Amino acid sequence: ETPPEVPQLQLGFNSIPGSKTDAVSVAEGYRAQVLAPWGQPITADGAAWQDDGSNNANDQENAMGMHHDGLHFFPLNEAGTDGVLCVNHEYIDQNALHPMGSDKDENGLRSSLDQVRKEINAHGVAVVRIQLQDSGEWLVIDNDPLNRRYTGATVMDIAGPLANSDMLVTPFSPDGSQARGTLNNCGNGFTPWGTYLTCEENWPGYFINTAETTAEQERIGLDTSGTTRYGWETLAGNADEMDDEFTRFNVTPNADNASQDYRNEANGHGYIVEIDPYTENSRAVKRTALGRFRHEGCTIGKLTQGQPITFYSGHDARFEYMYKFVSAAPWDPADANPSDRMATGDKYMNEGTLYVARFDADGTGVWLPLTLTGATKDGGVLADHFANLAEIILNTAGAADLAGATPMDRPEWCSIDPVTGSVYLTLTNNTRRNEETGTNAANPRLNNKFGHIIRWDESESMTDFSWDIFVFGSDAGGDELTNLSGLTEFNQFASPDGLAFDARGVMWVQTDNGADEVEDYTNDQILAVIPSNLTDEEGNQTTITSANQGELRRFFVGPNGCEVTGLTMTPDYTTMFVSIQHPKNWPYSSNAQEETPAGMALRPRASVVAIRKVDGSPLGV
Ligand code: FEO
Ligand code: CA
Ligand code: CA
Ligand code: CA
């Protein structure tokens with residue numbers, strides 16, 4: 001497909017100063033609206049949100065979840081004023097969720113089934129119909145037939161190499177065809193056939209094995225002692241009599257009690273999950289062919305008719321890797337409007353080749369295939385270590401170790417420049433990169449607390465690439481070894497995380513919990529730049545330097561304590577939707593905070609924010 005014809009697009013706003021308040025701050029001429037906050041009911045079965053934490057698990061199952069993250073707008077009309085918004089709910093804050101926080105008994109055990117169910121239901125994905133009103137405000141259409149929740153308990157199908165594998169067999173799914181729930185949904189993606197992709201990131205922390213761990217569990221870092229992240233498996237009472245909806249999170253083998261032997265439960269997690277937003281009550285499908293790790297996001301590369309589709313996904317943990325999946329089926333543009341979207345997902349996402357990236361010091365890189373015949377760095381093949389593809393997928397990171405992938409500084413979101421086709425990836429930070437671990441050319445800074453954005457161009461064959469570093473995070477006052485991109489007060493940033501190009505070629509960068517040097521100046525933010533405008537005299541793409549740093553501009557700043565994450569737009573570019581995750585007080589203003597009744601916990605609410613120009617014209621330019 002040819003890139004959109006853009007006459008040297010320019011950013012149409014001036015960089016705003018940093019901000020450290022309990023409100024959002026946005027470029028002059030823009031306004032921001034709170035939309036679909038945690039707890040807002042979306043079906044008739046959910047009661048109105050109560051600010052004392054008294055909503056029950058059933059309310060939560062029928063309302064927006066907590067800690068919004070990746071999101072995508074799927075239009076329902078040509079004008080883009082009516083659509084379905086899919087929103088990830090990454091994790092929870094027990095203190096805000098319940099009247100009494102996590103409410104444990106004297107033995108440190110959870111005592112309320114309903115509270116645990118509420119926590120599970122606050123995770124996952126919300127699908128909600130929204131419409132633009134004449135006032136310029138967006139409205140959630142309560143109880144629309146398309147509205148629904150996918151939670152940490154929703155039954156989902158398994159597709160791809162691990163479907164029906166022995167390694168997926170549980171008492172709940174004796175044929176290994178299903179798993180319950182999606183957890184820690186961080187970044188997202190979307191497909192050209194109109195489906196939403198939600199990515200399971202820090203799922204290992206929800207499971208525990210107190211017996212001997214498998215090599216795969218060891219590699220991914222499953223808990224082996226104490227309790228899981230929220231202690232869902234630690235309900236008071238006799239575990240053998242307890243319902244498996246909670247005990248399944250303890251994956252310690254239980255050979256004496258087959259009905260409670262959930263040793264394979266975690267194997268149903270760690271995937272890219274596909275959802276059809278346009279079809280009521282449709283079943284979500286876990287696409288195992290795309291690998292099993294802490295998926296940050298899932299981004300589809302530039303589409304070419306008759307060529308395979310590429311899906312990029314980073315493993316967000318220190319020293320982990322960057323992956324891509326290449327479909328076996330070539331892209332057929334007729335599939336952009338299919339009668340059965342999930343069948344189209346089957347076509348492109350169940351068969352193909354998973355690769356992991358090696359970035360070499362000379363500015364080139366290689367995609368290493370994670371297949372039985374894929375080479376290992378010691379001169380063998382992966383078949384020397386794995387019996388079949390399903391085993392490779394289950395322990396994707398272990399296979400990537402053997403192949404010789406490059407350990408990165410926490411790969412987060414990835415996005416494709418629609419003008420040049422270059423792939424951009426945020427590497428958020430890695431303060432554990434030290435003399436002992438060493439650096440590599442693609443991750444060149446020790447104690448990388450500011451992070452950087454790397455980019456690459458695929459070769460014709462798509463098996464190798466050339467790369468460079470687009471921008472280094474830094475505070476404005478950083479020395480020449482730190483402020484390598486010449487940033488100033490107006491664009492200093494740390495910990496790039498969310499990353500999204502819009503279809504015009506504007507790249508939007510979001511930050512998550514920066515280094516103190518930047519945090520002392522500003523809360524998390526959104527910056528914008530048009531990378532295809534940055535060329536040298538010979539017309540080659542160039543990076544951010546002190547000479548052109550003014551092209552990187554601060555557009556938005558979030559409220560105190562938050563992370564700004566997830567970005568999607570209406571097709572006419574007049575509304576941008578982003579998520580505000582884990583705000584400290586917001587959307588209570590500091591005044592409202594004073595009005596909070598004495599003794600009542602303050603309940604901040606993660607939320608979507610809809611950003612529009614006051615005059616309703618396309619934003620950003
Ligand atoms: Fe959930 Fe990698 O941020
Ligand atoms: Ca993230
Ligand atoms: Ca992050
Ligand atoms: Ca987060």
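Which residue just after α8 takes a positive phi? That's G404, with a phi of about 95 degrees. What you're looking at is a predicted model, where local features need pLDDT of at least 70, side-chain atom pairs count only at pLDDT 80 or more, and totals for chains, interfaces and linings use all residues. Residues are numbered from 1 along each chain as its sequence is written, while chains are lettered from A and ligands numbered from 1 in the order in which they are written. Helix and strand labels are DSSP runs numbered from the N terminus (helices: H or I, at least four residues; strands: E, at least two).

**Helix α8**

- Helix α8 covers residues 396-403 and is mostly covered, with 7 of its 8 residues buried. "Buried" here stands for 20 or more other C-beta atoms within 10 Å of a residue's own; 12 or fewer makes it exposed, in between is partly exposed, and C-beta atoms are placed from the backbone.
- The buried residues of α8 are T396, A397, G398, A399, A400, L402 and A403.
- Their cover includes α4 (215-220), β17 (352-359), β18 (364-369) and α7 (389-394).

**The nine-strand sheet**

- Here's an open sheet of 9 strands with antiparallel pairing, in the order β14-β15-β16-β17-β18-β22-β21-β20-β19. Strands β14 (299-300) and β19 (411-416) stand at the edges with a single partner strand each, so one side of each has no neighbour in the sheet.
- Two strands count as paired if DSSP finds at least two bridges between them. β19 and β20 (residues 423-427) pair in the antiparallel sense over 4 bridges, and I416 has V423 in β20 as its bridge partner.

- Strand β25 (residues 525-529) is largely enclosed by the rest of the structure, because 5 of its 5 residues are buried.
- In a regular strand, side chains alternate between the two faces of the sheet. For β25 both faces are covered: Q525, L527 and V529 are buried on one side, and I526 and A528 on the other.
- β24 (residues 507-511) pairs with β25 in the antiparallel sense over 4 bridges, and W508 stands opposite A528.
- β26 (residues 553-557) also pairs with β25 in the antiparallel sense over 4 bridges, with V557 of β26 as the bridge partner of Q525.

**The nonpolar core**

- The largest nonpolar core has 157 residues, and L85 and V356 have the most contacts inside it. A nonpolar core is a set of buried Ala, Val, Leu, Ile, Met, Phe, Trp, Tyr and Cys residues joined through C-beta atoms within 7 Å.
- Setting aside its neighbours within four places in sequence, L85 is in contact with L71, F73, V128, I130, F577 and V608. Contact takes C-beta atoms, placed from the backbone, within 7 Å of each other.

- Most residues other than glycine have a negative phi, and most peptide bonds are trans.
- F319 isn't a glycine, yet has a positive phi of about 65 degrees. F319 lies in the loop between β15 (308-314) and β16 (322-330), and counts as partly exposed because it has 15 C-beta neighbours inside 10 Å.
- H582, also a residue other than glycine, has a positive phi near 40 degrees. H582 sits in the loop between β28 and α10, and its 20 C-beta neighbours inside 10 Å are why H582 counts as buried.
- A cis peptide bond, with omega about 0 degrees, joins W586 and P587. P587 is found in the loop between β28 (575-581) and α10 (590-595).

Conventions
Contact = placed C-beta atoms within 7 Å.
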